Amino acid sequence: DDSSKIQNNKPPKESVNSDIQQLKNGEIRPVNQAVGFSNNGLLRNATSVLTRQEALASKATFSVVVPDRKKYFATFEMAEIITRVGDYINTQYNKILFVSNLSAIKGGKISLQVSHQNGLDADLGYPTDIPNLKFPLVVNSSTGKYYSKNISIEKTYYLFKYLFLQKDIAVDRIFIDQQIKS
């Protein structure tokens with residue numbers, strides 16, 4: 001009986017399909033967005049991190065560094081992780097998280113990247129102690145030079161720890177340059 005569904009505030013099953021899920025708070029979100037692998041995949045029903053940033057307006061704790069590239073699309077889960085990391089960085093260090101490459105709107109190969117094809121990869125700025133440094137250059141990919149002053153190893157450690165402690169969205173791995181690991 002349809003009246004019982006309305007009384008329970010649950011939408012009829014027909015309104016939710018395999019590509020859409022309704023969250024407990026009533027929000028509708030896309031699912032099954034990542035197709036294939038990060039180095040050979042696609043992204044469907046992309047979530048725009050830039051749109052999320054714009055919706056939050058002055059309350060946004062993250063910022064897409066170069067929106068003109070149009071590489072700010074991700075899965076819903078990745079967009080949520082970025083939002084949480086921004087909140088963490090802002091709460092802990094009173095700073096904004098800067099976001100560079102994610103994926104193109106439909107995924108696939110993007111220039112200068114091997115991965116970033118299915119919305120599950122994000123280039124995020126490392127925590128730094130240098131004021132007003134947006135996206136710290138830590139390792140120059142052309143020369144291999146390591147700029148140790150541009151990264152706070154301690155803050156990065158706690159950020160990674162925070163990421164791996166997320167229970168509802170599993171962080172599988174974090175890639176960092178070999179120079180930083182040394």
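1. The charged end of Arg52 sits over the ring of Phe76, at 5.4 Å from the ring centre; the criterion here is that NZ of Lys or CZ of Arg lies within 6 Å of the ring centre and within 35 degrees of the ring normal. This is a predicted model, in which local features need pLDDT of at least 70 and side-chain atom pairs count only at pLDDT 80 or more, while totals for chains, interfaces and linings use all residues. Residues are numbered from 1 along each chain as its sequence is written, and side-chain values use heavy atoms, with hydrogens and water left out.

2. Arg52 also takes part in a salt bridge, its side chain meeting that of Glu80 at 3.2 Å, N to O, where a salt bridge is a side-chain nitrogen of Lys or Arg within 4 Å of a carboxyl oxygen of Asp or Glu. The pair links distant parts of the chain, since Glu80 belongs to helix H3 (residues 76-93) and Arg52 to helix H2 (residues 49-56), 28 residues apart. Helices (H or I, at least four residues) and strands (E, at least two) are DSSP runs, numbered from the N terminus. With a relative accessibility of 16%, Arg52 counts as buried; buried means under 20% relative accessible area, exposed over 50%, and partly exposed in between, with a 1.4 Å probe and protein chains only.

3. How many salt bridges does a search of the whole structure find? The search finds five. One of them joins the side chains of Asp129 and Lys155 at 2.5 Å, N to O. Asp129 lies in the loop between E8 and H4 whereas Lys155 is in helix H4, so this pair ties together parts that are 26 residues apart in sequence. On accessibility the two partners fall into separate classes: Asp129 is exposed, at 52% relative accessible area, and Lys155 is buried, at 16%.

4. The side chains of Arg173 and Asp172 meet in another salt bridge, at 3.4 Å, N to O. Here Arg173 is exposed, with a relative accessible area of 54%, and Asp172 is exposed as well, at 60%. Elsewhere, salt bridges that share partners join Arg52, Glu80, Arg84 and Asp168 into one network.

5. Turning to the aromatic residues, rings of Phe, Tyr and Trp (its six-membered ring) pair if their centres lie within 6.5 Å, with planes under 30 degrees apart counted as stacked, over 60 as edge-to-face and the rest as tilted. By this rule the count comes to four aromatic pairs. In one of them, the ring centres of Tyr157 and Tyr158 are 5.1 Å apart and the planes stand at 75 degrees, so the pair is edge-to-face. Tyr158 is partly exposed, at 37% relative accessible area. Ring pairs also link Tyr88, Tyr93 and Tyr162 into a cluster.

6. Thr156 is placed in helix H4 (residues 153-164) and is buried, with a relative accessible area of 6%. Leaving aside residues up to four places away in sequence, Thr156 touches Tyr126, Pro127 and Ile151, contact meaning heavy atoms within 4.5 Å. The side chain of Thr156 reaches the backbone oxygen of Ser152 at 2.8 Å. The C-alpha atoms of Thr156 and Leu124 are separated by 11 Å, with the two residues 32 apart along the chain.

7. Ser100 is found in the loop between strand E8 (97-99) and H4, and this residue is buried, at 18% relative accessible area. Its side chain makes a polar contact with the side chain of Arg69 at 3.4 Å; a polar contact is a pair of N or O atoms within 3.5 Å, where within protein one must be able to donate a hydrogen and the other to accept it, and residues adjacent in sequence count only if both atoms are side-chain atoms. Not counting residues up to four places away in sequence, Ser100 touches Arg69, Lys71, Asp123 and Phe135.

8. Strands E3 (residues 34-37) and E4 (residues 40-43) pair in the antiparallel sense over four bridges, the condition for pairing being that DSSP finds at least two bridges between the strands. A hairpin joins E3 to E4 through two residues. Ala34 stands opposite Leu43 in E4, while the bridge partner of Gly36 in that strand is Gly41. Gly41 and Leu43 make up the covered face of E4, and Asn40 and Leu42 the uncovered one.
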